[in-house]
Amino acid sequence: MQEIKCPKCGEVFQVDEAGYAAIVKQVRDKEFQKELAERQQQFLLDKENSVRLAQAEADNKLQDSLRAKDNTIANLYAKMKALEAKAELDKAGLNAQLASKQSEQLLAVKDAVAAKNLEIAQLKADLAAGEQALSLAVQQAVSAKEQELAQKEMQIARLEGDLKASEKEYLFKEKSLVDGYENKLKDKDEQIAYYKDFKARQSTKMIGESLEQHCSIEFNRLRATAFPRAYFEKDNDARTGSKGDFIFKDYDEEGMEFISIMFEMKNEADTTATKHKNEDFFKELDKDRKEKGCEYAVLVSLLEADNELYNSGIVDVSYRYPKMYVIRPQFFIPVITLLRNASMNSLQYKKELATIKNQNVDIAHFEADMNEFKEKFGRNYRLASEKFKKAIEEIDKTIEHLQKTKDALLSSENNLRLANNKAEDLSIKRLTRNNPTMAAKFAELQNKE
C-alpha cells in the first residue's frame, strides 16, 4: 500500500499498487506529452532551418555554377572575338597577298575559317553540356531535400498519431481513476456515516473496546504470515496500579527478543461533553511502558479528530516522552512493521552486545567464583593455621613435659648411679663401723667358719 496526500485538502489516504502505478503513469504521461510537444516544436524548427539551409546551399551552388559558366562563356566569347579579330587580320593580310597568290590564299583562308568555326561550335557545345549538368545537379539536390522533408513529415505524422492515441489512453485512464476514487470516496463516506451511527449507539466502554477489538483483529489477520513468532496479548497485569491495553513482542529464530511495544487505545463518542486530548494519556502510557519493560510506546487514538497533526500519519512525540508515537487506527500495522524492521536491522548489534554482556557476566561469575574460592581458601587456611598453631603449642607443651620427664629420668639415673656407687662401696666393715654389736656378730660368724 502507498500513501498519498491530497495537495488541496491535505487528507492522507492509501492506494494499492495498481492505483499508485496508474497515478505515477499519469504524471509520466504528462511529462511525456510535454517533452513530445517540445520535441515536435524543436523538430519543426529544425525542419524549417534545414529547408532554409538546403535552399541557401542550393542557391549558393547554383550562383557559383552560374558565375563559373558566365566566366567560361565570357572567356570563350573573348577567345571567339580574339579569333574573329585574328581571322579578320589574317583575312586582311590574305587580301593583301591575294593579288599574288589568290588561288592558294583563298583556299587557306577558307580552311582557317572553317577550323575556327568548328572550334567555336565545340566551345558552344561544351557550354550547353555544362549548363545541362548543372541543372541536373540542382534538380538532384532539391529532390534529396524534398525526400528528407517528406520522411520528417511522415515521422511527425506518426508521432502525432501516437500522441493522439496516448491522449485517448490517458483520458480513459483518468476517467477510470476518477471514477474509482469517486467510488472509494463514496464508500468512505458511507463507512464514516456507518461508524458515526455505530459510535452513537455505543456506550463509552463499548467504544473503547471496539477500537481494541479492531486492532486485535487487524493483527491476528496477519499474525500467521507476517509475525509467526510474535507475542500480542492484552496487558492484564495491574499489580503496579495501572496497565496498558496490549503488549507486542517479537523474537528471532533463537528465541531472542528484539522488540517490545506497549499499546494504548483511546476513543470517545462524538457526543461526549468533555473532550480529552491525546497528550492527557502520555504520562500514564510512559509509566506503563517502563513498568512492563517495553522498548516503545504507541497510542492508537481517535481523539482530536480535527487535529491535522495526528491526521497526517505517524506522529513522533519522543520530544515529550522517549520512544513514544501517536497513530490513527489505519496506521496500526504499518507502525508495528516500521518499528519491527528497524529493530531487525539492529538485531545483529544486539546479539553482539548480548554476547559481550554474557562474556562480561561470565567474567563476573569467574571473578565471583575466584573471590569465593579465595575467601573459602583463606578461611580454610586460617582454620588450618590455627590448628597448626594449636598443634605446635601442644607439641611445645609435650616437648616441655618430655623435657621435664627427661630431666626427672636423668635425675633418677644420677640417683640410681649414686645409689649403685653407694651399694658398691657398701661393706661389712662400713656396716659395723660404729656398731659394736654388729661387729661382734660378724666376728662370731667368721670364727665359726
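## A cluster of Phe rings

Phe-219, Phe-227, Phe-232, Phe-246, Phe-248, Phe-263 and Phe-332 are joined into a cluster by ring pairs. Keep in mind that this is a predicted model.

## Two of the pairs up close

Aromatic pairs come to ten in this structure. Take Phe-232 and Phe-246: their ring centres sit 4.7 Å apart with the planes at 0 degrees, so this pair is stacked. It links distant parts of the chain, since Phe-232 belongs to strand S3 (residues 231-234) and Phe-246 to strand S4 (residues 246-251), 14 residues apart. Both Phe-232 and Phe-246 are buried.

Then there's Phe-282 with Tyr-321. Here the planes are at 75 degrees and the ring centres 6.5 Å apart, so the pair counts as edge-to-face. This one also links distant parts of the chain: Phe-282 is in helix H3 (residues 282-291), while Tyr-321 is in the loop between strand S7 (315-316) and strand S8 (324-327), 39 residues apart. Phe-282 and Tyr-321 are both buried.

## Lysines over ring faces

Over at Tyr-296, Lys-323 lies over the ring face, at 5.3 Å from the centre.

## Aromatics on the surface

Phe-373, Phe-377 and Tyr-381 make up a nonpolar surface patch, and together they have about 400 Å² of accessible area. Phe-373 is part of helix H6 (residues 347-425). Its relative accessibility is 54%, and exposed means over 50%, so Phe-373 counts as exposed.

Notes: Residues numbered from 1 in each chain as written. Predicted model: local features only at pLDDT ≥ 70, side-chain atom pairs only at ≥ 80, totals over all residues. Heavy atoms only, no water. Patch = residues over 30% accessible without salt bridge, like charges linked within 9 Å, V, L, I, M, F, W, Y side chains within 5 Å. Areas by Shrake-Rupley, 256 points an atom, 1.4 Å probe, with all protein chains shown as cover. Salt bridge = Lys/Arg side-chain N within 4 Å of Asp/Glu carboxyl O. Helix = DSSP H or I, 4+ residues; strand = E, 2+ residues; numbered from the N terminus. Buried < 20%, exposed > 50% of the residue type's maximum accessible area, 1.4 Å probe, protein only. Phe/Tyr/Trp six-rings, centres within 6.5 Å; stacked < 30°, edge-to-face > 60°. Lys NZ or Arg CZ within 6 Å of the ring centre and 35° of its normal.
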